[in-house]
Amino acid sequence: MYSRNRLKKELKLYAVTDCAWLRGRTLTHCVEEAIRGGATMVQLREKRKTWEDAMAEARELRALTERYHVPFLVNDDINLALACGADGVHVGQDDMPCAEARRLLGPEKIVGVSVHSVEQALAAARDGADYLGVGAVFATSTKRDAGAMPRETLRQICAATPLPVVAIGGISEENISSLAGCGLAGAAVVSAIFAKDDTQAAARNLLEQMKGWFPMATVLSIAGSDSSGGAGIQADIKTITAHKMFAMTAVTALTAQNTMGVAAVQEASPEFLAQQLDCVFQDIYPDSIKIGMVSSEALIRVIADKLQEYKADNIVVDPVMIATSGSRLLDEGAMDALVSRLIPLAKVITPNMAEAACLSGLPVRCREEMEAAAEQIAKGYEGSILVKGGHLEGCADDLLYCQGEKLWIAGPRVDNPNTHGTGCTLSSAIACALADGYTVEESVERAKAYLTGALRAGLNLGHGSGPLNHMYNM
């Protein structure tokens, strides 16, 4: 059956379509904008169209949601769900028995069930449901005969079963925050998104109002350990903690190092790294993932396999390939695996100028060459590329490039020779902002501001290039 931990994350903002609210706009456009605003799951609910029209619509939404790695469900109609390749169905009490839906869809698809009582919740759990839709939690125009569900009943249902519960019915930007503390995994909304002229802003505003629902975002760092505490896993944990999030780790290697250099490295075995990743994903599913230096082809392939197995999202890859001395850190096999297996899974990659040159095969010494390199890298990668300009003359401007769009993010050059772990820190801060629901552009801007503050704090430890003050803002 579907991973419960992963599903808890994906139910957070569940957008349910209704073409009656579109007023001439296309459904696909509105759904895409909702996803860009932070919608984490999409359900097609359309009972007034012919099979042919519904199928055409379902296929368009299936393709769209696959591109954004967002689960796509169909309301009630299992035949339509199977025909369009949807991730599952949501059924009501009067539509189809949950056990029958599970039998028809098999163990890999999602089955959601609407329930109104603890007894119905327990029955759905026994019959193979993956999640429960509970409501109407507020009075709603679509179910005029149903009053608002008492808050105590909602809490009892959430407590009665380990299945994630999503609230449905009458939810709006004005009342969604009042559902905090009930034990919900998310909210399913219709008009609160699709009746708005700006569906992207509507989704974002709903998420902003839901921040009190969830105690803490979770971020996984997959990187090596730095015994001096300035880079790698240690820098990541400090950065994540400074962002008031919960840090988890999968250690790729132990290093004996300090501010003056690396004395020794002991790499984790592929089997042990796989076990670390299994333990994290099977218990506390991360909201985002940062990947730092991984030095061998075998470890890179393990990471890629596990990220695909658990359908991880919000992945930031810091492609550490070039040492400060200028020497390459990866052999050809590891480089090929990084480019072919790991980078394609990332939402953002963060190469510095030397790494961008390595990935593009072009010289990268100035702003124009940074743009050319990003364009070349983008020919084989669909995500966002942040080419870091830390070695530019007179400034530290970065280039964010995504699908042909270029955005220069200005940054002052901070007069501080202690820069150990800046790349780790920036990529971890980006992962934190993504975990908090910000867009890639917003995440990069927030991360850059955090890194600049950590540099300006002027921490001075060690005899070489010292670490940053990750806690400067705490």
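I began with the sheet: 8 strands close into a barrel, in the order β1-β2-β3-β4-β5-β6-β7-β8, and their pairing is parallel. I noted that neighbouring strands of this sheet are turned against each other by 25° on average, direction ignored. The model I am reading is a predicted one.

Next I looked at one pair in the barrel. Strand β2, residues 41-44, pairs with strand β3, residues 72-75, in the parallel sense over 3 bridges. I looked up Leu44 and found its bridge partner in β3 to be Val74. Helix α3, residues 51-68, lies across β2 and β3 and runs at about 175° to β2.

I then turned to helix α10, residues 232-242. Which of its residues are buried? I listed Gly232, Ile233, Ala235, Asp236, Thr239, Ile240 and Ala242. What do these buried residues pack against? I found strands β9 (218-226), β10 (246-258) and β12 (288-291), together with helices α16 (422-435) and α17 (440-456). Just after α10, I saw that Lys244 takes a positive phi of about 60°.

Two packed helices are described by the angle between their axes and the distance between the axes. For α10 and α16 I noted an angle of about 40° and axes 9 Å apart. The crossing of the two helices is right-handed.

From α10, Gly232, Ala235, Asp236, Thr239 and Ile240 meet Cys424, Thr425, Ser428, Ala429 and Cys432 of α16. I sorted the residues of this contact into 5 nonpolar, 4 polar and 1 charged.

Methods: Residues are numbered from 1 along each chain as its sequence is written. This is a predicted model: local features need pLDDT of at least 70, side-chain atom pairs count only at pLDDT 80 or more; totals for chains, interfaces and linings use all residues. Side-chain values use heavy atoms; hydrogens and water are left out. Buried means under 20% relative accessible area, exposed over 50%, partly exposed in between (1.4 Å probe, protein chains only). Helices (H or I, at least four residues) and strands (E, at least two) are DSSP runs, numbered from the N terminus. Contact means heavy atoms within 4.5 Å. Axes are lines fitted to C-alpha atoms, for helices over the stretch in contact, and angles run from 0 to 180 degrees between N-to-C directions. A crossing is left-handed if the near helix is turned anticlockwise from the far one by less than a right angle, and right-handed if clockwise. Ala, Val, Leu, Ile, Met, Phe, Trp, Tyr, Cys and Pro count as nonpolar, Asp, Glu, Lys and Arg as charged, and the others, Gly among them, as polar. Two strands pair if DSSP finds at least two bridges between them.
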